[in-house]
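Here are my notes on the model you asked me to look over. Please read them with the coordinates open beside you.

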Amino acid sequence: MIEIYGLGPAGVAAALFLRKEVVVRDLGKRYLKACGEAVPIDTPLVEDRFVLNKIRRFEFYHEDRFIGEVSYRKPYWYIVDKSSWISSLRERIQIASETERDGERIVIDARGPYSSKGLKITVARVYLRSPRKNIDPETVYFIYRRGAPGFYWVFPHGEDLNVGGGFIGVKNPLPLIHSFISSWLGGGEVIDVRGAPLTVDPEIDLGREGVYRVGEAAGLVYPLTGEGIRPAILSSQALAASLGTRKPLDNYRKAISRIISQIEFQKKLLRIAMRSIERNGSIAELANSSILKDYIEENLSVKTLLIMISRNPPKAVKTLLSILLPTP
Ligand SMILES: Cc1cc2nc3c(=O)[nH]c(=O)nc-3n(C[C@H](O)[C@H](O)[C@H](O)COP(=O)(O)OP(=O)(O)OC[C@H]3O[C@@H](n4cnc5c(N)ncnc54)[C@H](O)[C@@H]3O)c2cc1C
């Protein structure tokens with residue numbers, strides 16, 4: 001019998017991709033966790049009825065200063081109503097009856113940041129109505145601030161906005177978010193506030209034979225963007241496909257090796273940024289559009305860096321650090 005602990009994106013995806021009856025356990029009946037609710041459009045299990053906004057543009061700022069943008073002809077991200085989406089997926093799970101709960105026991109840990117290993121921070125979001133500043137409903141905004149690695153975001157959320165932020169070294173980002181709302185957006189009507197932990201420097205652990213980890217519980221979150229929904233679903237899809245094979249853990253690991261390498265690479269960049277902050281590193285250069293694109297597409301690689309460095313060494317390094325570590 002398969003038991004799944006945690007019914008966020010990873011847990012529900014595991015249950016649905018397994019296509020069999022499972023035992024599930026979660027702390028809450030509805031899924032209510034704080035999130036930016038942004039997913040790349042090719043994320044499995046997303047249904048149109050939960051899509052609130054379609055995103056084609058990404059703008060990057062250092063406080064008030066525009067540092068770069070990436071745009072696409074077609075939508076690249078969706079903003080979803082994550083709570084309704086995940087709650088609706090939960091209803092499709094085939095729950096095992098008491099009498100069927102025998103046989104070999106397989107456990108899937110999908111408890112997200114509540115069981116992940118590695119550095120976690122609190123990240124919070126506010127639903128905001130009627131901001132003073134005009135915000136394009138097809139654009140998401142990332143705003144970096146002085147002093148601490150992390151960022152604010154301004155995402156559309158239907159007719160409203162989802163405004164949030166999280167920073168390494170900041171225990172409670174809410175006061176910062178409220179003052180950001182006043183300064184950057186000119187204020188607005190706060191309609192809901194919620195925070196949750198996020199694993200920003202994850203230790204990847206896929207578990208062991210018989211007891212597997214998926215999603216954020218396995219450390220599958222991109223450290224530079226905090227994106228965890230698609231990796232959660234893809235990891236569960238990969239585990240479900242591997243469970244019937246002779247070496248499930250090896251096959252699971254192989255199937256998600258690209259995600260793992262991107263996370264490990266982003267962890268190194270995060271460490272560079274944190275070391276640089278300790279040394280009071282100062283970066284004031286503009287971001288380069290090709291690196292910003294790789295950043296959005298989870299494609300940052302040594303190759304990208306080498307190409308940039310060979311073209312323009314000081315700018316390459318400054319560009320990357322300006323993404324990671326904006327300074328005054
Ligand atoms: C404020 C914020 C904004 C974010 N924005 C984005 C974004 O825009 N896009 C994106 O891709 N990612 C974003 N993330 C990350 C993303 O939310 C997670 O990485 C993603 O939801 C991971 O899915 P999961 O199923 O692994 O874990 P979770 O979504 O965390 O689900 C874990 C589940 O486990 C349950 N649980 C916890 N403890 C127990 C227990 N003891 N027993 C049983 N069940 C338990 C919880 O109730 C929850 O339902 C954000 C995170 C935060 C905090």
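1. Basis of the note. This is a predicted model, in which local features need pLDDT of at least 70 and side-chain atom pairs count only at pLDDT 80 or more, while totals for chains, interfaces and linings use all residues. Residues are numbered from 1 along each chain as its sequence is written.

2. The chain as a whole. The chain has nine helices and 15 strands, where helices (H or I, at least four residues) and strands (E, at least two) are DSSP runs numbered from the N terminus. Of its 328 residues, 44% count as buried; a residue is buried if 20 or more other C-beta atoms lie within 10 Å of its own, exposed if 12 or fewer, and partly exposed in between, with C-beta atoms placed from the backbone. Among contacts between residues at least 6 apart in sequence, 72% join residues at least 24 apart, a contact being two residues whose C-beta atoms, placed from the backbone, lie within 7 Å.

3. Five strands form an open sheet in the order 2-1-8-15-14, and the pairing is mixed; two strands pair if DSSP finds at least two bridges between them. The edge strands are strand 2 and strand 14 (207–208), each of which pairs on one side only. Strand 1 (residues 2–5) and strand 8 (residues 106–109) pair in the parallel sense over four bridges, and Tyr5 has Asp109 in strand 8 as its bridge partner. Helix 1 packs on this sheet, touching strand 1, strand 2 and strand 8, and its direction makes about 155° with that of strand 1; axes are lines fitted to C-alpha atoms, for helices over the stretch in contact, and angles run from 0 to 180 degrees between N-to-C directions.

4. Why is strand 11 (residues 150–157) described as largely enclosed by the rest of the structure? The reason is that eight of its eight residues are buried. Both of its faces are covered, with Gly150, Tyr152, Val154 and Pro156 buried on one side and Phe151, Trp153, Phe155 and His157 buried on the other. In a regular strand the side chains alternate between the two faces of the sheet.

5. The two hairpins of strand 11. Strand 10 and strand 11 pair in the antiparallel sense over three bridges, with Ile143 having Tyr152 as its bridge partner in strand 11. These two strands form a hairpin with five residues between them, and Gly147 in the turn has a positive phi of about 90°. Strand 11 also pairs with strand 12 (residues 160–167), in the antiparallel sense and over eight bridges, and here Pro156 stands opposite Leu161 in strand 12. The hairpin of strand 11 and strand 12 has two residues between the strands, and Gly158 in its turn has a positive phi of about 65°.

6. Residues to inspect in the loops. Arg19, in the loop between helix 1 (9–18) and strand 2 (23–25), has a positive phi of about 55° although it is not a glycine, and it counts as exposed because it has 9 C-beta neighbours inside 10 Å. Ser130, in the loop between strand 9 (117–129) and strand 10 (139–144), likewise is not a glycine and has a positive phi, near 50°; with 11 C-beta neighbours inside 10 Å, Ser130 counts as exposed.

7. Glu91. This residue lies in helix 2 (residues 82–91) and counts as exposed because it has 7 C-beta neighbours inside 10 Å. The C-alpha atoms of Glu91 and Val12 are separated by 9.3 Å, although the two residues are 79 residues apart along the chain.
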